[in-house]
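Try each task before you read its solution.

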Amino acid sequence: MQDIRSLLRKTTFKTSANGLNQLPESRAEIAFAGRSNAGKSSALNLITGQKTLARTSKTPGRTQLINYFEVLEGLYLVDLPGYGYAKVPLPMREHWQKILQGYFEKREQLDALIMLMDSRHPLTELDKQMLHWCEYQELPTHILLTKADKLSKNEASKALYHVRKVVESEFTMPITVQLFSSTKPEIGLNEALQYIGAWINHHEA
């Protein structure tokens, strides 16, 4: 685990893309996706052990580009634009939607997804739409139920059980689920690091 932590602390920002034609060359990438208020940037910062790697904001929807962070040469963590109720003009929302769909359908280097859902409001229709995209593309997906620190232990356990049951019954692809908190690393950080570490090791083997 310590090796993975040390490796992720060396993660560097590579580039931002506003269209599929601007994506960099890569060997493989694991993408982070979620609603605009799911806490993607905070999760990325905690996982990499870098407080300012990904920009965070109290205003949902600040991530308006596809941001690439390089872990090792050609291996990337990809921060995708949030989807949902971000207060931006409709043309921009439609632009993001088109880019996201194109990215999932055409990006051959994408071979895993980390999907973030607010543990208090998981599995919205948009979340399920994203999961169906992943299923269609046969893309292994790992769900982080974020902000779990805002739930009691009993509430968190119920949320985890509920999401696991739904994905088992409604989807046929491999989907794993865990609790996560960006403010209390003892809730889920090690589990998330294990998942990403296994992905990195697979491409370094």
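Predicted model: local features only at pLDDT ≥ 70, side-chain atom pairs only at ≥ 80, totals over all residues.

Residues are numbered from 1 along each chain as its sequence is written, and side-chain values use heavy atoms, with hydrogens and water left out.

**Exercise 1.** Work out which parts of the chain the E204 and R27 pair ties together.

Start with the contact: the two side chains form a salt bridge (a side-chain nitrogen of Lys or Arg within 4 Å of a carboxyl oxygen of Asp or Glu), at 3.0 Å from N to O. E204 lies in helix α6 (residues 189-204) and R27 in the loop between β1 (12-17) and β2 (28-34), so the bridge ties together parts 177 residues apart in sequence. Helices (H or I, at least four residues) and strands (E, at least two) are DSSP runs, numbered from the N terminus.

**Exercise 2.** Decide whether D118 and R120 are buried, partly exposed or exposed.

First, the cut-offs: buried is under 20% relative accessible area, exposed over 50%, partly exposed in between (1.4 Å probe, protein chains only). D118 comes in at 6%, so buried. R120 has 35%, so partly exposed. Their closest N and O atoms are 2.8 Å apart, in a salt bridge.

**Exercise 3.** Locate the partners in the E170 and K128 salt bridge.

The closest N and O atoms sit 3.6 Å apart. E170 is in helix α5 (residues 153-170) and K128 in helix α4 (residues 125-136), 42 residues apart.
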